[in-house]
Every structure is written in structure tokens, then in C-alpha cells.
Amino acid sequence: MDVEKIRGDFPILKRKINNKPLVFLDSASTSQKPQQVIDAIKNYYENHNANPHRSIYTLCDEATQIYEKSRGKVSKFINAKKDEEIVFVRNTNEAMNIVAYSYAMNNLKEGDEILLTIMEHHANIVPWQMLQKKGVKLKFIDINDDGTLKMDTINDMITKNTKIVSVVHKSNVLGTINHVKEIGKIAHDNGSLFVVDGAQSVPHMPVDVKDIDCDFLAFSGHKMLAPMNIGVLYGKKEILEKMEPFMRGSDMIKEVQLTESVWNDSPWKFEAGTPNVEGAIGLSEAIDYLKGVGLDNISGYEEKLTEYALEKLNGISGVKLVSPGNAKLRNGVISFNIGGVHSHDIAYILDEFGVAIRSGHMCAQPLLRRFGFQSVARASFYLYNAKEEIDTFVEGLEKVKKVFGK
Ligand code: C6P
């Protein structure tokens with residue numbers, strides 16, 4: 001992987017922050033965008049912009065083609081059986097809400113159970129909570145101290161009442177990659193639906209929905225070099241077809257009478273209103289970019305960066321990782337604290353060095369609580385990060401320690 005060449009594709013990396021070169025270590029939050037993605041969006045607005053599916057004039061047809069071709073690109077990227085299995089949404093949160101509202105609210109009843117894990121992002125906890133008012137029970141698989149899931153407890157936790165198992169593929173706090181194929185098999189053998197939160201995996205490693213055999217997969221474009229407000233809900237065609245739409249209005253119908261309507265086919269019945277064509281073209285271009293570099297190469301490179309960073313962090317007294325572990329276990333993500341120093345203070349001082357990291361509860365409060373934290377600092381890596389940037393990050397941490405007398 002030619003990291004220098006890759007870095008040259010990302011205009012924002014030329015920016016100075018506090019007179020220092022930007023060191024962007026917050027890609028788990030959102031990724032930066034290469035020139036190719038920016039140009040594709042610009043080209044769309046300069047040459048093809050119109051509201052898709054609405055008419056037959058040339059621009060409208062072009063906008064429709066661009067939008068639907070992007071769906072096909074996504075479908076191949078995750079190895080879906082059919083392009084119609086790809087629903088464009090705003091982000092992972094919205095995708096999860098569609099499954100919770102359209103599937104779970106209509107199909108689950110009192111006494112049913114949903115099996116989650118305590119390492120979930122709020123996007124895979126909060127939407128399910130509303131099911132409790134129907135008498136549905138939420139259960140949570142615990143984790144080991146090394147941040148891995150307690151796989152051996154799943155068989156005991158899953159019951160004949162478990163209708164949905166929904167699991168994060170890669171944790172945004174721990175970097176842990178869960179054995180989703182194995183979990184999916186347990187879920188299906190039990191007759192449960194299997195949902196995967198792929199927000200942190202799809203951007204960083206090959207993800208194949210046929211191989212995993214998940215019923216739903218949710219992910220966000222903005223974490224994989226594409227713009228914000230374009231995301232994906234993959235769903236098996238036969239399941240999407242049986243589901244009621246979540247948002248209702250225009251473009252998601254075949255026919256409207258004053259008091260009733262006939263829904264469009266899936267996936268369009270889930271895409272009410274004018275769609276995000278700029279987002280779809282940006283996502284399509286981002287996929288081309290990622291495939292050009294190779295998802296295997298990206299994940300291997302991130303593992304090396306993580307290994308290097310862990311080695312450095314282990315050498316700094318007072319730095320406490322949320323959970324110990326090697327680079328394979330926490331691929332691309334390192335969450336930590338420096339005894340008694342608030343994570344916002346760590347992020348603030350690192351910013352003086354041009355280093356951007358995330359601080360706070362990581363939208364995973366139950367997981368942080370499990371390890372006794374309220375807030376943590378997190379460095380996360382992507383294909384455009386250089387080894388030298390980790391040295392700057394470590395230099396910044398030494399300053400944090402000095403300022404706070406640690
Ligand atoms: N995690 C982070 O800094 P949205 O915001 O809908 O695009 O993605 C939500 C989401 C869902 N699942 C996982 C595993 C995630 O990591 C995220 C987003 C960001 O960790 C922002 S909170």
C-alpha cells in the first residue's frame with residue numbers, strides 16, 4: 001500500500017491545525033474524503049443534477065441511472081444476491097430504526113426476546129428499547145475482560161422466544177471483531193432473525209453478506225470515504241418484501257387514493273421523498289477507491305499501525321487502555337484514559353499538536369460502564385494514516401501527562 005500516494009488524494013490532510021500538520025485519528029467517527037469522491041459529487045451537480053424517478057427528460061434519466069447504478073455498486077461490494085436488497089438510508093441509526101419499526105414492531109409480541117451484546121453502539125440498543133412497551137425483553141451478551149464476546153454464553157441465552165439477534169461486527173470502542181458468521185448460525189438454528197451493525201467493519205475489511213448469512217446489515221457511507229447522510233440497510237429480499245414501510249409519502253408508492261395507498265416494491269418503498277443522489281454517487285466513488293486499494297490491504301495496514309501504537313502506549317506510564325489486548329483484537333481502534341485526566345482535556349491538548357482524537361462516551365455508555373469508565377479518549381486509524389503520525393500522537397500524550405502532573 002502506497003500510503004504517501006493515498007495521502008496525496010486527501011486534500012484535507014494538507015491542512016494545518018494550530019500551525020501543525022493535521023493528524024486525523026478520528027476516522028471511526030467519520031472518515032476524510034479523497035479528491036475522487038469530491039470530484040464525483042461536483043461533477044454530478046455541474047452536469048447531471050435532477051430529481052430521479054420523476055420524469056423522462058435527459059437529466060432526470062441520468063440522475064436516475066447514477067442513483068440506481070450506485071445501488072448496484074453497493075450490492076456487489078457486500079456481495080448481496082440482488083441490487084433490490086440495498087435500501088439507501090441516511091446512516092446506520094436510520095437503518096436500525098427501519099428494522100426496529102418496520103420489522104420488530106409489527107412482528108414481535110409480548111414475551112418475545114431480542115438478544116444484543118453489551119458492546120453495542122447506542123444505534124443498536126436504543127431503537128430496540130421501544131419494543132419493551134410491547135412486553136418484549138432485551139437481553140445482553142456479556143464480554144470478557146479482554147474485550148471479546150462471551151461466545152460460550154450465547155447458547156444458554158438464546159431461547160425459543162428469541163426472535164432477533166443483533167450484534168455489532170466491529171466495536172467502535174474496543175476494535176473487537178465479533179465472530180458474526182458463528183453467531184448468525186446460532187441465531188438461524190434457533191429460528192431467530194440475524195442483524196449486523198457493520199458501521200465499523202464495512203469501511204475497514206471485506207464484508208460478505210452471503211458468507212455471514214445475515215438477514216440485515218447496516219452501515220454508514222461517511223465512515224468509508226463517502227459523504228454524510230448516505231447509508232445502507234441491506235436486507236434479504238424475501239424479508240424486505242414482507243415488511244411495511246417506515247417513512248411514508250412520495251416516491252415510495254405505486255398508487256395513492258385519498259384514504260389508502262399501494263406501496264412501491266422494495267427497496268423503493270423504504271425510500272420516501274427525494275433521495276440523496278449526491279450521497280449515492282459519492283458512496284459509489286468511495287467504494288471504487290476502497291476496492292482499488294483493497295480491503296484486505298487496508299485491514300492489514302491498520303493492524304500494523306495499531307500494533308505500533310499499542311507498543312508505544314504500553315511504554316507510557318499512566319495510560320490505561322479500556323481493555324488490554326493485541327492489535328488483532330482491537331484492529332484500528334484504541335480507547336484509553338490517563339488516570340484522572342478527563343478525556344476532553346486529553347483531546348484539547350492533543351489538538352495543540354494538530355492531533356484529532358475522539359473523547360467522551362463514544363455513544364456506547366453501557367460498554368464503558370462495564371469497564372468502569374464514564375468517558376474515554378479514542379484514537380482510530382484508516383488507510384491514510386502514517387506511522388509518524390502515531391509518534392506525534394504519543395508526543396502529545398507526554399504533554400498531557402506533564403500538564404496534569406501524571
Ligand atoms: N460511531 C463513533 O465515533 P451513524 O452515526 O448512524 O452514522 O453511525 C452510528 C454507529 C453505529 N454503530 C457503530 C458501531 C458505530 O461506531 C456508529 C458510529 C461513531 O464511534 C459516532 S458515535
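The talk below goes label by label.

Mentor: Keep in mind that this is a predicted model. Ask away.

Trainee: Why is Tyr-234 called buried?

Mentor: Its relative accessible area is 4%. Buried means under 20%. So Tyr-234, at 4%, is buried. Tyr-234 lies in strand β10, residues 231–235.

Trainee: How far is Tyr-234 from Phe-336, C-alpha to C-alpha?

Mentor: Their C-alpha atoms are separated by 33 Å. Along the chain they are 102 residues apart.

Trainee: What makes Phe-336 and Phe-393 an aromatic pair, and of which kind?

Mentor: The structure holds eight aromatic pairs. In the pair of Phe-336 and Phe-393, the rings are 5.9 Å apart, centre to centre. Ring centres must lie within 6.5 Å to pair. The planes stand at 70 degrees. Over 60 counts as edge-to-face, so this pair is edge-to-face.

Trainee: Which elements does that pair link?

Mentor: Phe-336 is in strand β14, residues 333–338, and Phe-393 is in helix α14, residues 387–403. They are 57 residues apart, so the pair links distant parts of the chain. Phe-336 and Phe-393 are both buried.

Trainee: Which residues form an aromatic cluster?

Mentor: Phe-10, Tyr-289, Tyr-382 and Tyr-384 form one.

Trainee: How do you know that the charged end of Lys-20 sits over the ring of Phe-353?

Mentor: The charged end of Lys-20 is 5.5 Å from the ring centre of Phe-353. The distance cut-off is within 6 Å, and the charge must also be within 35 degrees of the ring normal. Arg-370 is another case: its charged end sits over the ring of Phe-371, 5.1 Å from the centre.

Trainee: What lines the largest cavity?

Mentor: The structure holds one cavity of 30 Å³ or more. The largest cavity has about 30 Å³ of space. Its lining is Ala-28, Lys-170, Gln-200, His-204, Glu-302, Asn-331, Gly-332, Val-333, Ser-380 and Phe-381.

Trainee: How many lining residues fall in each class?

Mentor: Three are nonpolar, five polar and two charged. Lys and Glu count as charged, so Lys-170 and Glu-302 belong to that class. Gly counts as polar, so Gly-332 goes there.

Trainee: Which domains supply the lining?

Mentor: Domain 1 (3–26 + 294–403) and domain 2 (48–291) each give at least three residues.

Trainee: What makes the bond between Ser-266 and Pro-267 stand out?

Mentor: A cis peptide bond joins them, with omega of about 5 degrees. Pro-267 is in the loop between β12 (261–263) and α10 (277–293).

Trainee: What is listed for the phi of His-53?

Mentor: His-53 has a positive phi, about 65 degrees, although it is not a glycine. Its place is the loop between α2 (35–47) and α3 (58–77). Asp-213 also has a positive phi, near 60 degrees, and is a residue other than glycine. Asp-213 lies in the loop between α8 (209–212) and β9 (216–220).

Trainee: Are His-53 and Asp-213 buried, exposed or partly exposed?

Mentor: His-53 has a relative accessible area of 30%. Asp-213 is at 32%. Exposed means over 50% and buried under 20%. Both values fall in between, so His-53 and Asp-213 are partly exposed.

Trainee: Why is Asn-106 called partly exposed?

Mentor: Its relative accessible area is 48%. Exposed needs over 50%, so Asn-106 remains partly exposed. Asn-106 is in helix α4, residues 92–107. Its C-alpha is 8.3 Å from that of Met-243, 137 residues apart along the chain.

Trainee: Where is Lys-82, and how is it classed?

Mentor: Lys-82 is in the loop between α3 and β4 (86–89). Its relative accessible area is 37%, so it is partly exposed. Lys-82 and Lys-237 are 155 residues apart in sequence and 7.7 Å apart in space, C-alpha to C-alpha.

Trainee: What makes Ser-192 buried?

Mentor: Ser-192 is at 4% relative accessibility. That is under 20%, so Ser-192 counts as buried. Its place is the loop between α7 (180–189) and β8 (193–197).

Technical notes. Residues are numbered from 1 along each chain as its sequence is written. This is a predicted model: local features need pLDDT of at least 70, side-chain atom pairs count only at pLDDT 80 or more; totals for chains, interfaces and linings use all residues. Side-chain values use heavy atoms; hydrogens and water are left out. On a 1 Å grid over the protein atoms alone, a cavity is a set of points where a 1.4 Å probe fits but cannot get out, and a pocket is an open set with protein on both sides within 12 Å along at least five of seven lines; lining residues have an atom within 4 Å of a point. Grid points are joined across faces, edges and corners, and a volume is the space filled by probe spheres set on the points. Domain bounds come from an automatic or database domain assignment. Rings of Phe, Tyr and Trp (its six-membered ring) pair if their centres lie within 6.5 Å; planes under 30 degrees apart count as stacked, over 60 as edge-to-face and the rest as tilted. Helices (H or I, at least four residues) and strands (E, at least two) are DSSP runs, numbered from the N terminus. Buried means under 20% relative accessible area, exposed over 50%, partly exposed in between (1.4 Å probe, protein chains only).
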